[in-house]
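Here's a quick briefing to read with the model open beside you. Take a look at the fold first, then work down the notes.

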Amino acid sequence: MKKKVIGYGICGPGESGRYMRETLECFKRLCDEVVILCNNCDQAELNLIDEYGFKRFNDRREWGAHQWRIKQDFIERDIKQVANEGDVLVCLDMDEVLSERITKEWLMEAPLDAYHVFIVDLWNDPQHFKLESCFWNVRIWKWNGETKYKAKPVHCGLAPEWTYHYHRHAPFLLLHKGLMLEEDRERKIKRYQKYDPTAKHLDKIYYDMLKSNTARPFDENALADQIAEEVATYKETKPRADMVKKPKERFADLRNPHGVVLDIPERHVDMTMKRGGFEFIGWADEDTDEIEAMFEEDDEEVGVIPGARLHPAETFTPVSKENVATPTVKNNFNRSAADEKDELDQLNKKDDEQLSGFQAPVASPLDEEKADEMFSEDEKKDTKTEVSDVSTAERKPEVKTRAQRKTATKKVVTK
């Protein structure tokens, strides 16, 4: 069977009025087939997906509480219908666009199993970016049937967990536009205040950074060249085929004397605790079990979006029982427009109620100081400095997490 490129993403309400069309255009350029999961979307999002002729499915669960389960069920239930061994998958949020430098030909010929791309957070306008918010993340991987996601209610990634252990670096940028406007950052702050109020799932420095309006001039070509030169120096070896099946090393969550939560390999826990000032929080595996148990009894049924027409209808193959994560998929065809609108209104009202009463905190000088603590003095230079004038070696932040330690020997800054 001929290998193909499959694009997928999750869409929420209100995306059609922001950057969604640009994301769908990116999918159209790179992919043979595209599947979108609608998480309590408005009718405008459904219409836009239909305009492009992409397949769409629905999930009505609350995003912040059930995010990893929504994604895992989507992959196991819907992507598994269309993906075969060796197919290339491209995953994007509805406010992300891959660089024009990446082509379908590159995707088809790329030999490795999973790839990070360098994500650039545009800030305030398309001509500026937040350097300290840039990071590597998986957006390209090959189908092998492994679908387990990291069990976290937020920050669980767009790809299955194995890809984050066995990824390599692709020499391309991804432009993230969802934090470009100050009002969008304030809305993001509200969500994280609700779903991660103690900063358990990501360092508080990142949350504080969302309150900052400082940015650097963005020269896309200069930064793209810089990233390509960096990646050319990396030794991109291919992991053994059986490595994905092997159990991962156990990690513990420890809080250091400065209040920063670190993930430490089990073999180093005793030595670290003897240094003094460290607090043992728990084992990562136990945290996963706790999260899974939390949502065991309150999952809502997953159904096809009201009025959905799968594309292309002529070639759609019904889901076999062995490929269905839960036997609750419903067919809502032949519903009237009035019925669809009423149900969608009720679903979107629920989302609005979940965020009501949350106010974004006002940024203060103290907040900005905390946000800057992880960066070097060179990082605090005049924000008017051109991208091409600042080497990546000078931008390297203090390494605090396992993910940062992995890339500490590389020059490109990560979040």
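Start with Val-97, whose bridge partner in strand E9 is Leu-175. That pair belongs to the contact between E5 and E9, two strands that run antiparallel and are joined by 3 bridges. Keep in mind that this is a predicted model.

**Around strand E9**

- E9 covers residues 168–176 and is mostly tucked away, with 8 of its 9 residues buried.
- E9 also pairs with strand E6 (residues 114–123), this time in the parallel sense, over 6 bridges.

- Ser-99 sits in the loop that links strand E5 (96–98) to helix H4 (104–109).
- Is Ser-99 buried or exposed? Its relative accessibility is 5%, and buried means under 20%, so Ser-99 counts as buried.
- Leaving out residues up to four places away in sequence, Ser-99 touches Arg-29, Leu-173 and Glu-220.

**Cavities**

- Searching the whole structure turns up 2 cavities of 30 Å³ or more.
- The second largest cavity holds about 30 Å³ of space.
- Which residues line the second largest cavity? They are Val-88, Ala-110, Leu-112, Asp-113, Tyr-115, Ile-140, Trp-141 and Lys-142.
- Sorted by class, that lining has 6 nonpolar and 2 charged residues, and no polar ones.
- Strand E8 (residues 135–142) supplies the largest share of the lining of this second largest cavity, with 3 residues.

**The E12-E11-E13 sheet**

- Three strands make an open sheet here, in the order E12-E11-E13, and the pairing is antiparallel.
- Its edge strands are E12 (261–265) and E13 (279–283), each of which pairs on one side only.
- On average, neighbouring strands of this sheet are turned by 30° against each other, ignoring direction.
- Strand E11 (residues 251–255) pairs with E12 in the antiparallel sense, over 5 bridges.
- For a landmark in that pairing, look at Phe-251, which stands opposite Pro-265 in E12.
- Helix H9 (residues 266–274) packs on the sheet and touches E11, E12 and E13. The direction of H9 makes about 120° with that of E12.

**Two asparagines with positive phi**

- Asn-40 has a phi near 55°, a positive value in a residue other than glycine.
- Where is Asn-40? You'll find Asn-40 in the loop between strand E2 (33–39) and helix H2 (43–52).
- Asn-40 has a relative accessibility of 10%, which is under the 20% cut-off, so Asn-40 counts as buried.
- Asn-124 isn't a glycine either, yet its phi is positive at about 80°.
- The loop between E6 and strand E7 (125–129) is the place to look for Asn-124.

Terms used. Residues numbered from 1 in each chain as written. Predicted model: local features only at pLDDT ≥ 70, side-chain atom pairs only at ≥ 80, totals over all residues. Heavy atoms only, no water. 1 Å grid on protein atoms, 1.4 Å probe; cavity = no way out; pocket = protein on both sides within 12 Å on 5 of 7 lines; lining within 4 Å. Points joined across faces, edges and corners; volume = space filled by probe spheres on them. Helix = DSSP H or I, 4+ residues; strand = E, 2+ residues; numbered from the N terminus. Nonpolar A, V, L, I, M, F, W, Y, C, P; charged D, E, K, R; others polar. Buried < 20%, exposed > 50% of the residue type's maximum accessible area, 1.4 Å probe, protein only. Contact = heavy atoms within 4.5 Å. Pairing = 2+ DSSP bridges. Axes fitted to C-alpha atoms, helices over the stretch in contact; angles between N-to-C directions.
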